[in-house]
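Hi,

Here is the structure I promised to pass on. Please open it alongside this message.

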Amino acid sequence: MNEALLVIRLWKKNPVTVQGAFAGMIVGILIVIYSTTSGTTLATLFPSLPQGIQDLDVGLAVLFINIAVTLGVSAVTRKTSIWMEEKKQISEMEKLIK
């Protein structure tokens with residue numbers, strides 16, 4: 001699961017935050033635990049899909065979910081941290097003006 005995150009980590013402008021990585025790992029682990037203990041496969045989840053897709057491992061679907069959660073949470077937390085940083089800079093500028 002972490003191979004995709006390793007590739008993302010090597011980008012110059014890393015889009016992943018700590019919160020996003022943590023959320024992605026937790027979701028991935030929980031889905032793997034559920035699918036392992038219940039014996040869930042892509043064929044049981046999506047019986048109408050073509051046989052070639054049903055034969056894929058659940059881990060591949062978990063990887064895509066992991067990446068989506070990681071990037072989604074990172075996007076939300078990055079906007080929040082940027083907003084907080086801007087607010088901090090504005091308050092520092094106001095102190096300098098006074």
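My notes follow, from the whole chain down to one residue.

Please keep in mind that this is a predicted model.

**Overall fold.** The protein chain has five helices and zero strands. Read from the N terminus, the order of elements is α-α-α-α-α. The chain has 98 residues, and 20% of them count as buried. Take the contacts with a separation of 6 or more: residues 24 or more positions apart account for 70% of them.

**Annotated spans.** The unreviewed UniProt entry lists residues 21-46 and 58-77 under "transmembrane region". In the model, residues 21-46 are 85% helix and 0% strand. The end C-alpha atoms of that span lie 28 Å apart. Residues 58-77 are 100% helix and 0% strand. Their end C-alpha atoms are 28 Å apart.

**Arg78.** This residue sits in helix H5, which covers residues 58-97. Pro15 is 63 residues from Arg78 in sequence. In space, the two are 8.2 Å apart, C-alpha to C-alpha.

Best wishes

Technical notes:
Residues are numbered from 1 along each chain as its sequence is written. This is a predicted model: local features need pLDDT of at least 70, side-chain atom pairs count only at pLDDT 80 or more; totals for chains, interfaces and linings use all residues. Side-chain values use heavy atoms; hydrogens and water are left out. Helices (H or I, at least four residues) and strands (E, at least two) are DSSP runs, numbered from the N terminus. Buried means under 20% relative accessible area, exposed over 50%, partly exposed in between (1.4 Å probe, protein chains only). Contact means heavy atoms within 4.5 Å. UniProt positions are given in the numbering used here, feature names are shortened, and annotations may be inferred rather than shown by experiment.
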